[in-house]
Each structure stands twice: as C-alpha cells, then as structure tokens.
Protein chains: 2
Amino acid sequence: MQIIHTVQALREWRKTAGRVAFVPTMGNLHEGHMALVREAKKHADSVVVSIFVNRLQFGQGEDFDKYPRTLQQDADKLAAEGVAVVFAPDEKELYPRVEQRYNVEPPHLQNELCGKFRPGHFRGVATVVTKLFNIVAPDAACFGKKDYQQLAVIKGFVEDLNFNIDIIPVDTGRAPDGLALSSRNQYLSEAERAEAPRLYRELQQAAAALKSGATDYVAIETAATDALTAAGWSVDYFEIRHADNLAVARAGDKKLVVLAAARLGSTRLIDNLEVTLV
Amino acid sequence: MQIIHTVQALREWRKTAGRVAFVPTMGNLHEGHMALVREAKKHADSVVVSIFVNRLQFGQGEDFDKYPRTLQQDADKLAAEGVAVVFAPDEKELYPRVEQRYNVEPPHLQNELCGKFRPGHFRGVATVVTKLFNIVAPDAACFGKKDYQQLAVIKGFVEDLNFNIDIIPVDTGRAPDGLALSSRNQYLSEAERAEAPRLYRELQQAAAALKSGATDYVAIETAATDALTAAGWSVDYFEIRHADNLAVARAGDKKLVVLAAARLGSTRLIDNLEVTLV
C-alpha cells in the first residue's frame, strides 16, 4: 500500500490504476469505515482511501482542532484490508491559497436538518468532495448512510454537475447495542456511552409506528424528542422525511427515513433509519 | 465528424478518443471560434466543440430566446476544420430536472464588471462549464480572451476545484477595423457597426496612456467613458484591473488589463486589452 501526500503523485499513480473505487474519510477509522472499504473493493481494481480533516466543513466552535488525527493506525488498518493507496494531503496541498474562492453550493437542503445547526457544513463537504473527485478520478465512491444528509448532498451534486461516478451507499455499522459507529463516540463518558443507544431505539420505535400505520408524523417526532429530552439529551432534530430527496414527508409517502441529531453532554450524535412502507 | 446529442453517447465515444481538447460554445460560430478550434487542435488528438445555448447564464430580459441557433451552418464550419465531435445536447439533456440545484458559486468577482450588470451570469457559466467538463472529460480546453472575466472565472474554479484540465487562453479575433468578433455584432445596424470600433480604439488609447507612464487610472477610465458617451454609447464600465486576478489595479501593478462593456442601441458589446508594463 502506498501513502501519497501530493495531488501530482496521486495523478501519476492514477494513470495506470485501472478501475478505481474511492472512500473519502477524515481518518480515525473504525469498523464503519472498514465496511466502506470492503464494499469499495467489490467495485474496482484498486481502492483509494483519502484521509483529510477538512477545515471547510467545520463551523466555529466545532471540533476541528481536537478531531483525532491517527494516520499511522489508520494506514495499518487499511493496509490489512488490501487498499492500494492512502491519499493524505496536508491543508496546503488542498487549499494552497488558504481561501477557497469557488465552492459547490448546495440548495436549501443545506440549511435544514444538520445544516440548520452547522451553517456552511454541507457547502464544505460538497466542495472538498468535488476536489477529491477531481484529484482521484474514481469510477465509484462509497459513502455511509449514517451521514444520510451528506449522502443526499453528494448524490445531488454528482447528478446535477454530471460527475461520471457511481455513488454507492453503505449501511450504517453499529455496535452490538445498536449505537451507530462514529469517531465521535470516543468523546462519550462511560455513563453517556451507556445512554447513547437510546437514539437508535427511538428511531426504531418511530419506524415501528410508521410501519403499523401511524400517519401523524409530528406526533411521532414529538414523542421521540420528549423521550430523549427526558433522558437528558439535548435534541437538535428528530424528523421524518422522504428518503429520496429529504423533502418533508407527506401523507402517503412510502419511502421514508427518520433522522435524528442530539447531544449527550458536549457530544453530538446523529443517526437515521430508512422505512419503506408497502 | 460526428454530431452527438446525448451525454451517454459522448461518454461512449470518449472512452477511445485519446487526448481531447474542448471548445465550449453557444454556437452561431464566427472566425473567433475558429481560432479557438485551431488552437485546440495543437493540444490533442481530437477536438470536441459543444454547442449549447445555456439558459442559466442569461438574465431576465437578456437575449436567450433570440440568441441565434444555427446548428447546420456551425457543423459545416467545424467539419471543415477537422473537428472530431460536435456535442449538441438539448436543454432536457443537460437540465433533466429543469431546476439546477447544485451550482458552482464564484466569489465576489461575479458581481463586478460584467457581473454587476448580469446577476447570476458567472454562476451560470461556471456551472455549465463544470457540467461540460465532467461530460467531455477533456485534457485541455480553449477559451477566448474576449470574454476576459469569464476566462478568469474558469481558470479560478479549475484551480480551486482541482480540475485536471489545461485552460488555454486564445487572443481575441478582430475585424480589420478592430472590432472584436462576437455573435452579437450581427444585431448592430449599419450605422452602429460603423461606430462600434470606437470601443477598441478607446481601449488602445488607455493602453497607450498606461504605457507612456500615466498612473491616474480613474482619469483614464473617465476620459474613455466620456468619449464613448459623447459618441452615443451607454457605458456599463471602463476599468483598469490587474490582469491575473481582475483585482482593482493599484499603483505600481505591471500586468494590467483594460476592460470595457458598453451598449450601442440595444446591443451590448464587450472588449478588453492587456497591457504589460516594463
């Protein structure tokens, strides 16, 4: 496995690499990322994993500075999975001017759900992923459903800007108690970690209500929010949306997704669950 | 020469095309475009010319509907130049959803110079050229210096979004009397056509003043604006800028460009002239 730090060297390698599948990450890899890598291997001759903590997608007061950087451990895990290249540019390599003048601007969806609490986040995601797509030139790229809104943004700009890349969604990896795998789980205290699976349980309960025919979305959302709040969570949102485009769900919609973001102490967790009604 | 109308067919052709140089146009081709095509041929095995009148870059009240569509004549000219492919998608092919949700958003420069008079124009240009770049996947692309601000926007997003495409600027083609070649020249009455070369003469005069050591940019700009106004023009702007980034020129700058846009009757003409001081 090669670790490549520059755009130029990556492009040189790319010329003879055949079909490439790409997994962009911010490093600090866990089993959820490994599931993306294993899926990527099914779609290409070579897998490229990028590791880059993208300042552009962190807001003021977010955890850019304390975001864990663990390149050596990450590289060891990826080598064991048969990854061909780790692309690990430094900030100057991706943002040589510091200022990013031209951005990929998402539509209003960027200000809803997580975007409401993280202004500029999805613009930063869309822009850095566009840059990485243009550097890696992959045939396919894998993204976790855990970041469901991010996946929607990426599918959206790939379609609207005609990127010739297959976007492959990968199911969320979970701990045995249901907690979605996330780099941020390590910020949780022991007591918070024990409480954390409630988020997924509330999603499951909402999904069960929908499947049993409940159609009062607001009542379901409010019940879950109240339950989380009573258990000490600070809920950013708990919402039922249309799974395809994340539009607010309407009566009769069959493809739904329940999405939630809530904070335990200072740690913000997100999760979601798709619900297809018949 | 093939005329290709769909993204899928273009991508199929592209797979075996070797090195490709690309000339995006809105059709109604004149000698200025042919100079772009001839330059493109120097840089690749195959030249692709796109012909697409991009609604996204026209403002309200602009000439989208009356913009001349002359595909057959255009194709004949391009065949004679040895172009490999004309890519002529219809609107539904490039904007299947009608609404373009994700856009390439330029910085404040998009609201200056021509952008001040054409809100949204450079966003529309950056977005459609990004789409075309992702469809054609060229190694190089040629753009005329006549649309100097457009060229700056394209160089800017190619750099910031890491497109792996050489952007090749091509000098402005001119009629014998100096008028920059433009599809819009055909809108001019006989009297307006006779008057039109004054725009370039004023640019030359400003350039001569700069070369002779004049440093009062505002005085030069005002003199030119007054002369054009006195001759019946309605001047949108006449400005001296830094040639590299189109920042407002400062005392001591050596690489300058004088840019102008002015209307004769209802026809808006633009032109510019680079001035390098020693």
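**Close-up views of a predicted two-chain model**

View 1. Leaving aside neighbours within four places in sequence, Phe157(A) is in contact (heavy atoms within 4.5 Å) with Val104(A), Ala126(A), Val129(A), Thr130(A), Phe133(A), Asn162(A), Phe163(A) and Tyr102(B). Together with Phe133(A), Phe133(B) and Phe157(B), Phe157(A) touches the most other members of the largest nonpolar core, which has 94 residues. Such a core is a set of buried Ala, Val, Leu, Ile, Met, Phe, Trp, Tyr and Cys residues joined through side-chain atoms within 4.5 Å, where buried means under 20% relative accessible area with a 1.4 Å probe and protein chains only. In this predicted model, local features need pLDDT of at least 70 and side-chain atom pairs count only at pLDDT 80 or more, whereas totals for chains, interfaces and linings use all residues. Residues are numbered from 1 along each chain as its sequence is written, chains are lettered from A in the order in which they are written, and side-chain values use heavy atoms, with hydrogens and water left out.

**View 2. The open sheet of chain B.** The edge strands, β1 (2-4) and β7 (166-170) of chain B, each pair on one side only.

**View 3. The strands around β9 of chain A.** Strand β9 (residues 255-264) of chain A is mostly covered, with 8 of its 10 residues buried. Strand β8 (residues 234-242) of chain A pairs with β9(A) in the antiparallel sense over 8 bridges, while 10 bridges join β9(A) to the antiparallel strand β10 (residues 267-276) of chain A. Arg263(A) is the bridge partner of Ser234(A), and the partner of Arg263(A) in β10(A) is Arg268(A). The hairpin of β9(A) and β10(A) has 2 residues between the strands, and Gly265(A) takes a positive phi near 60 degrees there.

**View 4. The lining of the second largest cavity.** Residues of both chains take part, namely Leu94(A), Tyr95(A), Pro96(A), Arg97(A), Val98(A), Glu99(A), Gln100(A), Lys131(A), Glu159(B) and Asp160(B). A cavity is a set of points, on a 1 Å grid over the protein atoms alone, where a 1.4 Å probe fits but cannot get out, and lining residues have an atom within 4 Å of a point.

Methods:
Two strands pair if DSSP finds at least two bridges between them. Helices (H or I, at least four residues) and strands (E, at least two) are DSSP runs, numbered from the N terminus. Buried means under 20% relative accessible area, exposed over 50%, partly exposed in between (1.4 Å probe, protein chains only). On a 1 Å grid over the protein atoms alone, a cavity is a set of points where a 1.4 Å probe fits but cannot get out, and a pocket is an open set with protein on both sides within 12 Å along at least five of seven lines; lining residues have an atom within 4 Å of a point.
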